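Subject: Structure handover

Hello,

Here is the structure you asked for. Please open it next to this email and follow along.

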Amino acid sequence: MTLKTKMLGVVMAAVTLAAAALTFATPASAATLTQVTNFGTNPTNLQMHLYVPDRVAARPAILLAMHYCTGTGPAFHSGTQYASLADRYGFIVIYPSATRSSKCWDVYSPQALRRGGGSDPVGLMSMVDYVRQRYSADPARIFATGTSSGAMMTNVMLGDYPDVFAAGASFAGVPFACFATGGTSEWNSQCANGQLIRTAQQWGDLVREAYPGYTGQRPRMQIWHGTNDETLRYPNFGEQVKQWTNVHGLSQTPTYTDSPQSGYTRTRYGSSGPMAPVEAISMQGVTHNVPVDAAQVIRFFGLDGTAPPTTPPPTTPPPTTPPPTTPPPTTPPPTTPPPTTPPPTTPPPTTPPPTTPPPTEGACRVGYTVNAWNSGLTASVAITNTGATAVNGWALTFTLPSGQRITSGWNAQYAPASGAVTARNVSYNNTIAPNASVEIGFQATHEGGTGKPTSFALNGAACSVS
């Protein structure tokens, strides 16, 4: 099984389970999923399926719902509850399908990462424009959501077209431009493994560069991620938060924190209300097989109004003519096969501690940032090798303040969970080159004290603290 087959193929089971877990008392519907052709410019030959409920709101909202790798629009339709919610609230759902062999979206090419640049985003915008014109949709209520590859494309669409989309919801995705490869390769291992760490300003600049000169309102973003995601690793959650808070000019300190259900931590930025500019939900112990809570997405978008729709949809059927004969793009879709090795796993080390001689005193520097709320915190730790030789295999030791206990971590193995802690490298970040850094982090509970460790040692040698 290839990595990309594993990546997000598992999501099919997740969204199906999520659909089975949610039921809605909606009347019997005659509405069906219909394929639409000749919807406009379509450089990568995407397919479009459309779900229009029996009764449509007078000025309906549009939801662009994008599938995972290996998926299709019809599969995402049957595996999620967006159509059932459309029956209830009268909005219209577009279910597009990628047609390249991997069934992944182009979130990596230079063309995809700029407004009007070409590739999949242009075809997706043609679908939105088609529905907006045909059904007199409300241009202020156009939204995007997706899972995994579809979550990545949600970030891309909001970055490329901030004047079109009011909000998005990303399930197990990565930041805008994180998967950029500069060419035709579809896979970015550094991003997938959670090793691409940037400042909030750098992430925000990537979004702003997609549409230079734009100064209007930016879309709101809802971000979901599991702490045990083995395919698009959990650090991508924090990097998305950094990106979209910066895009909105907000602090990374949440204005509101709660736990909507057991194991979930929800933070809001810029507002404490249910439609905050940025809302982030961390799901403890959840893998890449992430459940899709469609009802919470619709709540965040503000589409869960109680007034029933009053306008039936147009009776003219969508066009059924053959697909457009527009010549295919001059640049063929990427053919680079996905990596065949599995994503890095992080089992506890089975070998003795590293035997590499420790760096000399002062040959390391540690940056430690805490983001705390009423009963929990996350810590981001940057370890920099300030020496002249590479560190091959590392162990960072520090003592947590009393009352703090680690519940999960990323990019390192942590033991024990409290007191004097040792964080050891994992398989993909065991080497720290001279003047290079690695980023690790963890989530912890606390009993009132959110302070930082006072000292750190790398392989036994004390580090300076920045």
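Cys178 and Cys191 are joined by a disulfide, with 2.0 Å from S to S. A disulfide here is a pair of cysteine sulfur atoms within 2.5 Å. The torsion about the S-S bond of Cys178 and Cys191 is about 120°, so this disulfide is right-handed. The pair links distant parts of the chain, 13 residues apart. Cys178 is in the loop between strand S6 (167-171) and helix H6 (189-192), while Cys191 is in helix H6. Helices (H or I, at least four residues) and strands (E, at least two) are DSSP runs, numbered from the N terminus. Cys178 is buried, at a relative accessible area of 0%. Cys191 is buried too, with a relative accessible area of 0%. Buried means under 20% relative accessible area, exposed means over 50%, and partly exposed is in between (1.4 Å probe, protein chains only).

Two notes before you go on. This is a predicted model, in which local features need pLDDT of at least 70 and side-chain atom pairs count only at pLDDT 80 or more, while totals for chains, interfaces and linings use all residues. Residues are numbered from 1 along each chain as its sequence is written, and side-chain values use heavy atoms, with hydrogens and water left out.

The other disulfides

How many disulfides does a search of the whole structure find? It finds three. Cys69 and Cys104 form one of them, with sulfur atoms 1.9 Å apart. Their link is right-handed, with 125° about the S-S bond. Cys69 lies in the loop between strand S3 (62-66) and helix H2 (73-79), and Cys104 lies in the loop between strand S4 (92-97) and helix H4 (119-134), so the pair ties together parts 35 residues apart in sequence. Cys69 counts as buried at 1% relative accessibility. Cys104 counts as buried at 3%.

A disulfide also joins Cys364 to Cys463, S to S 2.0 Å. Is this link left-handed or right-handed? With -100° about the S-S bond, the link of Cys364 and Cys463 is left-handed. The pair links distant parts of the chain, 99 residues apart. Cys364 is in strand S11 (residues 364-372), and Cys463 is in the loop between strand S21 (461-462) and strand S22 (464-465). Cys364 counts as buried at 0% relative accessibility, and Cys463 counts as buried at 10%. Number the bonded cysteines of the protein chain in sequence order, and the pairing reads 1-2, 3-4, 5-6.

Helix H4

H4 has 16 residues, and 12 of them are buried, so the helix is largely enclosed by the rest of the structure. Among the buried ones are Pro121, Leu124, Met127 and Tyr130. What covers the buried residues of H4 includes strand S1 (33-36), strand S2 (47-51), S3, S4, strand S5 (142-147) and helix H5 (149-160). At 1.5 Å a residue, the 16 residues of H4 should span 22 Å, and the end C-alpha atoms are 24 Å apart, which agrees. The expected span is 1.5 Å times one less than the number of residues. Ser136 follows H4 and has a positive phi, near 50°.

Aromatic rings

The structure holds 13 aromatic pairs. Rings of Phe, Tyr and Trp (its six-membered ring) pair if their centres lie within 6.5 Å; planes under 30 degrees apart count as stacked, over 60 as edge-to-face and the rest as tilted. Take Tyr414 and Phe442: their ring centres are 5.6 Å apart and their planes are at 70°, so the pair is edge-to-face. This pair links distant parts of the chain, with Tyr414 in strand S16 (residues 413-415) and Phe442 in strand S19 (residues 437-445), 28 residues apart. Tyr414 counts as buried at 16% relative accessibility, and Phe442 is buried at 0%. Tyr368, Phe398, Tyr414, Phe442 and Phe456 form one aromatic cluster.

The charged end of Arg198 sits over the ring of Trp203, 4.9 Å from its centre. The charged end of Arg220 sits over the ring of Phe300, 4.4 Å from its centre. The test is that NZ of Lys or CZ of Arg is within 6 Å of the ring centre and within 35 degrees of the ring normal.

Best wishes

How values were computed: Contact means heavy atoms within 4.5 Å.
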